Amino acid sequence: MLAHAGVDTLLAEIVRINPLQSSFIESSLEGATPDEVNDLSRYISFCERNSLDIPYLAECYDLIVKDTLREQFYFQRHQRYRYSTFAEVADSVYFDNDYMSKYMHGLAITAWLWPNHREMHRYFARKIPTTEKGTYLEVGPGHGVYMMTAMNLSAYDRFEGIDLSPTSVEMTRALLASHEETHRAVYEIYCSDFLEDELHQKRYDAIVMGEVLEHVEEPLIFLQKIRELAADDAFIFITTPINAPAVDHIYLFQSYKDIEELVVQSGLSVRESQLIPYPGESIDESLEQCLPVNVALVLKN
Ligand SMILES: C[S@@+](CC[C@H](N)C(=O)[O-])C[C@H]1O[C@@H](n2cnc3c(N)ncnc32)[C@H](O)[C@@H]1O
């Protein structure tokens, strides 16, 4: 029996609209802590307060599952992602409000239901400094879940987010505004491309960029910009996957070495890292079969 009716109802609805999901969904929360189940339940309540009901959330989750599966088939056949330029995906993903809203709500739900995404979020929660002061910047907050976690766990005085999708900006603002814990925090979310110099500060004490590098044509420039913006000894946290096809993934990392080399080329270096295998496989097995491996990095400048 699950702890919360909203969670139960969501899982049942996901299986109702896509019975192929039943065995995965039945065990999806087995490794989750009571706090994580409670956080998912709060996320569902937040959506319901914003007139997004459980059938809609189940559709969002189903969209990401089906899109990912379709792209995995393409990837296995061609050993490359379907698209390689921003122009090919921008209008149908980032600037299509209906699609982006479903995609981001679906992705947010995977942070609780998918063991690899859950592990990545846990790693972030363990690594974010809890007593440091200063300004926190998040690039591409998307659904806003990581930014909310940062506000809940850290002691930064000011939080800024930058995302080029108007839908992501609205979703992040709504999520942050909904949480009592974040009411004390000063925050601002800009709707802009990270490379377009819209930021208000020259230096940041924390820079977080989750699942963005694989969405851009030139990830090196993003890392170089992060290095320029990072204050001495800033907390820099980045995630990006290896061999992980998705509708809008345009830059393919095929190994951990690919990522590390780019980090070093940018002038940053790896302080700590965690590689998270495809559910049910080891890291070696995932890499051998070209299955997705999630990579989380704490960097230093
Ligand atoms: C897959 S989502 C990541 C959401 C969240 N950070 C996470 O880790 O799950 C990628 C986000 O990055 C944003 N994004 C992509 N390219 C960007 C750019 N050049 N500047 C700012 N945001 C960008 C997208 O609009 C989207 O909201």
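Me: Of the 21 residues around the ligand, which come nearest?
Reply: The model is predicted: local features need pLDDT of at least 70 and side-chain atom pairs pLDDT 80 or more, whereas totals for chains, interfaces and linings use all residues. Numbering starts from 1 along each chain as its sequence is written, and side-chain values use heavy atoms, leaving out hydrogens and water. Around the ligand are 21 residues, each with a heavy atom within 4 Å of it; those that come nearest are Gly140, His143, Asp163, Ser168 and Gly210.

Me: How far is an oxygen atom of the ligand from an N or O atom in the side chain of Asp163?
Reply: A polar contact is a pair of N or O atoms within 3.5 Å. Through a backbone N or O atom, Gly140 lies 2.8 Å from a nitrogen atom of the ligand, and Leu164 likewise lies 3.3 Å from a ligand nitrogen atom. For the side chain of Asp163 and the ligand oxygen, the distance is 2.6 Å.

Me: What percentage of the ligand's exposed area does the protein bury?
Reply: Accessible areas come from the Shrake-Rupley method with a 1.4 Å probe. Taken alone, the ligand exposes 600 Å². The share buried by the protein is 96%.

Me: Which element gives the largest share of the shell around the ligand?
Reply: Two or more residues come from each of α6 (97-113) and β2 (158-163). The largest share, three residues, is that of α6.

Me: At what angle do helices α1 and α3 pack?
Reply: Helix α1 (residues 5-17) and helix α3 (residues 34-49) have axes, lines fitted to C-alpha atoms over the stretch in contact, that are 8 Å apart. The angle between them is about 80°.

Note on methods:
Axes fitted to C-alpha atoms, helices over the stretch in contact; angles between N-to-C directions. Helix = DSSP H or I, 4+ residues; strand = E, 2+ residues; numbered from the N terminus. Polar contact = N/O pair within 3.5 Å; in protein donor to acceptor, adjacent residues only side chain to side chain.
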